[in-house]
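Hello,

Here is the structure for you to look over. My notes follow below it.

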Amino acid sequence: MKINWDYIKGFLLLFLVVFLYSFSSQKNSIKKVQDIVVEFEEGDNLFMNHQMVNKLLIQNSTTIKNQAKSVIDLHKLETNVLLHPMVEEAAVFLTINGVLKTKIKQRTPIARIVTETGSYYIDKQSKKMPLSTNHSARVLLVSGDIVEQDVHEIYDLVTAILKDEFLKKQIIGIQKMKNQEYVLITRIGDQEIFIGKAKNLKQKFKNLNSFYSKAMTDKTIDSYSAINLKYNNQVVCTKK
């Protein structure tokens with residue numbers, strides 16, 4: 001009977017690979033978490049710090065450092081980080097060396113809303129963000145008669161302003177009136193801009209840009225105390 005040595009060699013090689021993999025996996029699973037590293041995506045948002053994130057990386061009411069890698073629930077830790085209102089994206093994973101890494105992208109605020117009951121940010125996804133003791137964002141200030149249901153409407157208005165290169169620099173604040181209409185506060189000049197309700201914004205801002213272009217060319221912009229965009233396809237101004 002002829003022995004197939006190639007078959008036997010292949011079988012032994014496969015057995016050796018499986019054995020080494022199992023040994024390595026078992027050895028790796030009993031290793032402990034050596035360190036915790038938090039990395040923030042590059043940007044201007046500094047609302048969170050490493051200490052704040054470390055407090056979110058808790059399992060069984062204690063820090064995960066020095067716990068066995070095999071008992072670490074990465075999905076649960078990642079979910080816990082993502083639940084923080086300042087976090088937009090997060091990834092939590094273990095390295096071969098036993099380091100638990102957390103990569104975080106913080107939310108980007110576009111406006112700060114001030115109401116009678118408090119103050120908060122709204123971000124570029126129209127979600128609410130709490131204020132931070134670490135950093136204050138330089139964004140549009142929105143105040144007045146604001147209720148919870150106004151957030152999405154305010155988001156649409158702020159987004160429309162930020163998409164316009166001129167208005168993004170010129171408008172520094174928004175006031176919501178009790179009649180559900182809005183007034184814009186300008187950086188240059190002391191005019192109030194009455195836009196009425198937050199509708200037909202594209203046309204209203206197109207008219208406003210045309211007015212500014214002409215008034216600045218004529219050097220008459222300082223002659224007006226108010227600019228009214230409420231009326232259909234018109235710009236009505238009040239002189240000082």
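**Sheet, buried core and rings**

Val 87 stands opposite Gln 106 in strand E5. Strands here are DSSP runs of E, at least two residues long, and helices are runs of H or I, at least four; both are numbered from the N terminus. This is a predicted model: local features need pLDDT of at least 70, side-chain atom pairs need 80 or more, and totals for chains, interfaces and linings use all residues. Residues count from 1 along each chain as its sequence is written, and side-chain values use heavy atoms, without hydrogens or water.

E4 and E5 (residues 99-106) run antiparallel, joined by 7 bridges. Two strands pair if DSSP finds at least two bridges between them. The open sheet has 3 strands, in the order E1-E5-E4, with mixed pairing. Its edge strands are E1 (35-40) and E4 (87-94).

Thr 102 is in E5. Thr 102 counts as buried because its relative accessibility is 0%; the cut-off is under 20% relative accessible area, with exposed over 50% and partly exposed in between (1.4 Å probe, protein chains only). Thr 102 touches residues including Val 37, Leu 57 and Val 92 (contact: heavy atoms within 4.5 Å).

Phe 47 and Tyr 121 are both buried. They form a tilted aromatic pair, 5.8 Å centre to centre, with 55° between the planes. Rings of Phe, Tyr and Trp (its six-membered ring) pair with centres within 6.5 Å; planes under 30 degrees apart are stacked, over 60 edge-to-face, the rest tilted. The two residues lie 74 apart in the chain.

Best regards

Key. Lists of a residue's contacts leave out its neighbours within four places in sequence.
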